[in-house]
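Have the viewer open while you read.

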Amino acid sequence: MQGPLRHTVRVPIEGMATQMRKGVVEYCVLAMLRHASLYGGELIQRLRLQGGLLTSEGTIYPLLSRMRSDGLVDTEWRETEGGSPRRYYRLTRVGQQAVSEFKREWVRFRTTVDGILELGEG
Amino acid sequence: MAAVQVDQLVADYLQTLDQQLSGIAPLRRAEILDEITQHIADERARLGTESEADVRNLLERIGDPAEIATAARDDVGNAGQGQLEVRRIGPIEVLALVLTPFIWPVGVILLWLSPAWRGYDKLVGTLVPPGGYIPLLLVPATGLFLLGPGSSCGGADGSQSCSGFASQPIWQQDLITVLLVAVVALLLVLPLLTALYLTWRLRKWSAQQI
């Protein structure tokens, strides 16, 4: 007699989380720059406080470099007290538009997914 | 651990990172490397007295150089092939800068053909002033028109009679002279200022390479 059918499926949860992080971290960085220009170290500290958005701190620099070449942020060098000049990142108008669009899209996306997940639980 | 050995640990990390970043456009590679070097220096300064474990922990937090290099390559991939082009100042840009003041129509066409300037910069190059130094050639003709070939004073019988420009009141003559000088000065300076502005924008564009 045939037993109950069993599927063993490995849920690629870590890969999924990485992909989700990759998708949103750029916009989180842009959102952090909405009110003040920040240098890389400050951005890392803030992302660290939020927890889990950066797999490793150094990966923010390729991201910032690409965002700069995309025109989402621009940079300026500022002298710091007792230290060497630092490259500060600030949001451009294109970057501001990107954050606004992301926020609208994110709210819609989150609402949809929450709704589906709640339906599944119900 | 001696400070020298800790320094060596950091130097080895940065060297590995530099090697892993090979293949990335040079300026982008240098930018990433500079930023991470600065980040390490900041964090080490924050640590104060540092042990080998502290520094190893810091480097671990910053991440595996291979992972950072992969992120850099992924980001380049996401940015699209067009943005991989290195922004080099070429003959079009140089000729546009040189010719816009002197041979305005040709310079302006090159200005609009080049991707180096934004629409606003191109408008500035086209409109301030229109024609580059060409309108300057019209100044002698304008002066001649205002002064007039028959503009002279004289009188055989001792009475002073004037014609043309010279017949105008002195204050009007002075005003026209001042205006002419001002126009000439503007026509001389504006193309130069425009060329300087376009050069500044070009350097900024060129510096924003990937």
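Which residues does B:Pro101 touch, not counting residues up to four places away in sequence? Keep in mind that this is a predicted model. The partners of B:Pro101 are B:Gly132, B:Tyr133, B:Pro191, B:Leu192 and B:Ala195. B:Pro101 itself sits in helix H5 of chain B, which covers residues 91-102. It counts as buried because it has 22 C-beta neighbours inside 10 Å, and the cut-off for that label is 20 or more. B:Gly125 lies 24 residues from B:Pro101 in sequence, with 8.9 Å between their C-alpha atoms.

Now over to the contact between the two chains. Chain A puts in 16 residues and chain B puts in 22 residues. On the chain A side, these elements give two or more residues each:

| Element of chain A | Residues |
|---|---|
| helix H2 | 40-50 |
| helix H3 | 60-69 |
| strand S3 | 83-91 |

H3(A) has the largest share of that side, at seven residues. By type, the chain A side splits into three nonpolar, seven polar and six charged residues.

Two of those elements also pack on each other. The axes of H2(A) and H3(A) come within 11 Å and cross at roughly 120°, so H2(A) is oblique to H3(A). The crossing is right-handed. H2(A) brings A:Gly40, A:Leu43 and A:Ile44 to the contact, and H3(A) brings A:Ile60, A:Tyr61 and A:Leu64. That set is made up of five nonpolar residues, one polar and no charged.

How values were computed:
Residues are numbered from 1 along each chain as its sequence is written. Chains are lettered from A and ligands numbered from 1 in the order in which they are written. This is a predicted model: local features need pLDDT of at least 70, side-chain atom pairs count only at pLDDT 80 or more; totals for chains, interfaces and linings use all residues. Two residues are in contact if their C-beta atoms, placed from the backbone, lie within 7 Å. Helices (H or I, at least four residues) and strands (E, at least two) are DSSP runs, numbered from the N terminus. Ala, Val, Leu, Ile, Met, Phe, Trp, Tyr, Cys and Pro count as nonpolar, Asp, Glu, Lys and Arg as charged, and the others, Gly among them, as polar. A residue is buried if 20 or more other C-beta atoms lie within 10 Å of its own, exposed if 12 or fewer, and partly exposed in between; C-beta atoms are placed from the backbone. Axes are lines fitted to C-alpha atoms, for helices over the stretch in contact, and angles run from 0 to 180 degrees between N-to-C directions. Angles under 35 degrees count as roughly parallel, over 145 as roughly antiparallel, 65 to 115 as roughly perpendicular and the rest as oblique. A crossing is left-handed if the near helix is turned anticlockwise from the far one by less than a right angle, and right-handed if clockwise.
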